[in-house]
There are 2 protein chains.
Amino acid sequence: MTGGYWGKTLRINLTTKEITNESFSDDVLRKYIGGSGLGAYVVARETGADTDPLGPENVLCVMSGPFAGTRAPNGGRYQVVTKSPLTGLLGEGNSGGTFSTKMKYAGIDGIIFTGASDNPVHIVVDNGKVSIEDAGDLWGMDTFELDDVMTERYGKKQCTLSIGPAGENLVKFAAIMNDGKDGRAAARTGMAAVMGSKKVKSITVLGNMKPEVADPEGLREIVKKWSKALAERSEGMRKYGTGEAVEFIEATGDLPVKNWAEGQLPTCGQISGITMTESGLLKKSYFCGQCTIGCGRVVEIKEGPYACEEQAGPEYETIGTLGSNLMVDDLEVIQMGNSICNKMGLDTISAGGAVAFAMEAYEAGVLTKEMLGGKEARWGNAEDIRWLLYAIARREGIGDLLAEGTKAAGQKLGGMAPEFAVEVKGLEFPAHDPRAGSTMALAYATSTRGACHLNANTHPTALTGGTSGHGFYKETEYDRFDFGDATVELTRVYQDANAMMDSMTICKFAMETLGADFMGAYNELFKAICGWDMTTEEFLESGERIVNLKRAFQVRCGVSRKDDRLPPRMTKRRVNGGAGDHVPKVEPMLDLYYDNRGWDMYGRPTKETLERLDLSWVLD
Amino acid sequence: MTGGYWGKTLRINLTTKEITNESFSDDVLRKYIGGSGLGAYVVARETGADTDPLGPENVLCVMSGPFAGTRAPNGGRYQVVTKSPLTGLLGEGNSGGTFSTKMKYAGIDGIIFTGASDNPVHIVVDNGKVSIEDAGDLWGMDTFELDDVMTERYGKKQCTLSIGPAGENLVKFAAIMNDGKDGRAAARTGMAAVMGSKKVKSITVLGNMKPEVADPEGLREIVKKWSKALAERSEGMRKYGTGEAVEFIEATGDLPVKNWAEGQLPTCGQISGITMTESGLLKKSYFCGQCTIGCGRVVEIKEGPYACEEQAGPEYETIGTLGSNLMVDDLEVIQMGNSICNKMGLDTISAGGAVAFAMEAYEAGVLTKEMLGGKEARWGNAEDIRWLLYAIARREGIGDLLAEGTKAAGQKLGGMAPEFAVEVKGLEFPAHDPRAGSTMALAYATSTRGACHLNANTHPTALTGGTSGHGFYKETEYDRFDFGDATVELTRVYQDANAMMDSMTICKFAMETLGADFMGAYNELFKAICGWDMTTEEFLESGERIVNLKRAFQVRCGVSRKDDRLPPRMTKRRVNGGAGDHVPKVEPMLDLYYDNRGWDMYGRPTKETLERLDLSWVLD
């Protein structure tokens, strides 16, 4: 057993209600680290092309990492990994809050769910004791209500992860939520629908157990040093949140506007993080479990049509996808949408994409008032956003179609409707435009979970024109419209590094905040916790292994070069905005990228590549 | 009635066997000219998104043009227009030989088929007299056999258009054939399957009627002048056929090799038109009805495994699609495939694409020996090509799947199989690689019938680095890797001009042969025949109208920007060959192209554009 881990992952068979313990060998931990890597390892061994994501044969992993439950700064996230009902491929979502930290305090490293329960169930892990309880009384509750119930039941130290009505209704982009009104979400690729299909309403963890670490004394010093550095270097983030740079982002052409058709939103200053703070909408900053940065927002709207009690405010992605992309330039309207998504358990990114899809289809005459049950879907209209989000979560009327995701909705409507779906491999775009940077284009096209800004996390490099290298890459200037080797190498290495971070389950803002010090800091932390002196090269190799494992799983499911593409909307030149008329040229980069990765012309990892990474088992 | 026309198009209702005459107003003829334009006009008025291409509600037009039956050089082609079973969109095929000329001699301008017959029928038009005969005895015959029967029945002056077993079996890329062993084909987009669905086996035309022309004396002089010019300027073509330039084409990177994965075939000299002539395989050149060029090939193989009696030899497209693209560098093997396609009535281009699909899928392990009924599909293997072509025509075993076209076959096989389908909008690629010239990329992506080299016909401009302008465009140098306005304008104007040529039903080699004299020559001919002094601008406007009419029909069927794309294979950089590592950048050109055409961001002709071209009726 490695420091930072209990060596105790629960395996819960929901069909039989059998609970067993499972641990991983040091070799597996060293290769897959935790979180995303370990989850993918489990799912790839137990599911395949024929697995129905919403069938009992699917396997759902909720995994912490080596840093969770220690005081390692920004190391308390968790990863949910399972076969996605939205993409039909390997899916995963990542969340902060206190769940991962408290799951460790409860004495476990993670939970692997198999089978499916007949009745709704609630799982409790209390200082190592596990129980499966009937949740008939909880089914139907929104995530805020449910968390209040749990606090009443278990006290303030509990932490609950749950699905809302959207997950119960198998909305394909339903989000797993945790920490109640603090609104933390493992949002992407529809993880909550899988939980819903297994009839798991919620998981509550509590306890006061602490995982052992290799060098407690050393760790204390290292934690102090890096926590201080992180806190000192993140004042802007703490004050203004992730939405701080909305105006800069818009100026670069990176902000989504009108379902990605436009390049500018002149009033975007009204929805920036700075405005959120200065206008008094912001009540305070929010810190996740082991966080030293505090990018989270807590807002309150006292009165008016969008009044809401104190709760999580929108982060940058939500400002983009429920704001500018819907032609909304009012923070209160964005918060209304954000709050509905958090309560009902919807991914704000995909839900925003689905609403944008509906609005454009309505404008183009593909969706009619009749098809909307007499309602409308008008750009920028708050009431239309409100009813659409509820209709999706409840699968009412047109919401039932939109709940399938924009790719499926486009295909079902037929004709030109697929035009309005802005997605890769079925996953809707986050709020960064690939036309504003070639590395995002390549990253979206090749990401192992579909259109994802965090799989490579190179948009800051693109938009600022360079990177510190973060201790795992060279310090370099970067031309965001380069479509050659510089972009391919940058994107590939950052994909590997981010796969590693999602496996360590550390926050990516730690990377951005620490800059060139990042990798060194986390090498030190890792050594003090796990006792392993892993080099940066070994970490990157683990990341590479995890990326290739995920790709191999996708290939099993039929993914190949044909799927490594951007949607038609990205072929639309915008003539306004900071990215000029650039359109992404993914195609010229694919061969370079495949060569760089050791993949064949179809985008399949070669036998040699899989062997080099000890992944031969995936071939079987 | 306009000179060059009888004003008598037959309308045959195959369900009721009712035959009526139909003529078009001068206004309609001036706007849609004939052939392709007039056919599209009829089909667009009578079918739509819901029309089943293989149902009795589909309408099939076999249309001549104003020059057919006169002595206007190279003006004796015909166009078949109907809703395509291969693409589900408007489809059309164009053929030479003597059918169009003799259809005019028989006293009619064209035939519009509606409904469907219960029993196989044979249509005879003899000096204006029309009869519908039972064809129970003809059904099942190959096109060579059938033509022999017709010559016995009607004498040597008859000309027959027919479908082979492939058309009877509704193979989605079955070709309508005419002139028996001379092997002329209206090949693309599966026109013969529609004929098969209507149970029309064949149409025989004969007679000695001549359409009146406006200025017989003047015409005689003009014909003499331009026939002489055409004959004098086409010696190479006559001697070596369209395959003359195989080596040059290969050197530019334009030749398809190994299902478009490779950029070079060093032994391609063995399959050039020059080799065909010099080796003695060629018996003589073949001239279509009003032809002065003689690019057609007549070959004979006396002995050996590929022995064949005197018949049509392969033209360039067939050399590419049944040769280099299958890794075949032996002209006799290509001729074997060509002969099977002509007899069975298959489009050599799409059939070659289907065989290439099977070969690559077999190599990649997606098609197994078991799925091939114990047979194999090996690159360059003559016997494998033979059995595959027959299996497709007969819909036997895997042939039944391949007969659906590569797009459908890819989708049905699933997984990575769509990778192997090299098509646009369901139509397989002809033998010109868009990586060798950006104008081909844009033309394939936006062509109104799918991947078509003749809709813009700019590959010679791209490969030679300039154009004479052919009298309708400026004389200009051209950089084949330009992806901006020069390419957009060139492609758009040549699309319009080629739509006009397909409506005049003149041969495109007349354009290439006459160079800058082309438009002037055909303006003169048109005036002498029709009596109308149409300017080049008016001709181009007719072409533009026809392109927009076809696009509007496609839009009705759901086509939009999302469909204006090239297949995944075109994203594959080749590192060998004369096109370097260029991959086509269609995307940056689409907005420029749409703007240039007056189409909206979805690629739909705007209301203003349709109104300007008197196409408002298409909106209804």
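Of the area that domain 1 of chain A buries against domain 3 of chain A, 22% is supplied by R30(A), I33(A) and F67(A), more than by any other three residues.

This is a predicted model, in which local features need pLDDT of at least 70, side-chain atom pairs count only at pLDDT 80 or more, and totals for chains, interfaces and linings use all residues. Residues are numbered from 1 along each chain as its sequence is written, chains are lettered from A and ligands numbered from 1 in the order in which they are written, and side-chain values use heavy atoms, with hydrogens and water left out.

The domains themselves come next. Chain A is assigned domain 1 (9–206), domain 2 (237–426) and domain 3 (434–619); such bounds come from an automatic or database domain assignment. The C-alpha centres of domain 1 and domain 3 of chain A are 26 Å apart. Contact (heavy atoms within 4.5 Å) joins 42 residues of domain 1 of chain A to 33 residues of domain 3 of chain A.

Side chains of opposite charge can pair when their charged atoms come close. A salt bridge is counted when a side-chain nitrogen of Lys or Arg lies within 4 Å of a carboxyl oxygen of Asp or Glu. Three salt bridges are found across the interface of domain 1 and domain 3 of chain A. K31(A) and D614(A) meet in a salt bridge through their side chains, at 3.5 Å from N to O.

Which element gives the most residues to the side of domain 1 of chain A that touches domain 3 of chain A? Helix 2 of chain A does, with eight residues. Helices (H or I, at least four residues) and strands (E, at least two) are DSSP runs, numbered from the N terminus.

The other interface lies between the chains. Chain A puts 30 residues into the contact and chain B puts in 29. Together the two chains bury about 2900 Å², 60% of it on carbon and sulfur atoms. T571(A), R573(A) and Y602(A) supply 19% of the area that chain A buries against chain B, more than any other three residues.

Between chain A and chain B the count is two salt bridges. D591(A) forms a salt bridge with K572(B), with the closest N and O atoms 3.4 Å apart. Helix 23 (residues 586–597) of chain A gives the largest share of the side of chain A that touches chain B, five residues.

How are the two copies related? Chain A superposes on chain B by a rotation of 180° with 0.0 Å of shift along the axis (RMSD 0.0 Å), and the copies are thus related as by a two-fold rotation axis. The superposition is by least squares on the C-alpha atoms of residues with pLDDT of at least 70 in both. In chain A, K585(A) has the C-alpha nearest the axis, 3.6 Å from it. The copies meet through the same surface, because 97% of the interface residues of chain A are also interface residues in chain B.

How values were computed: Buried area = accessible area lost by both parts, 1.4 Å probe.
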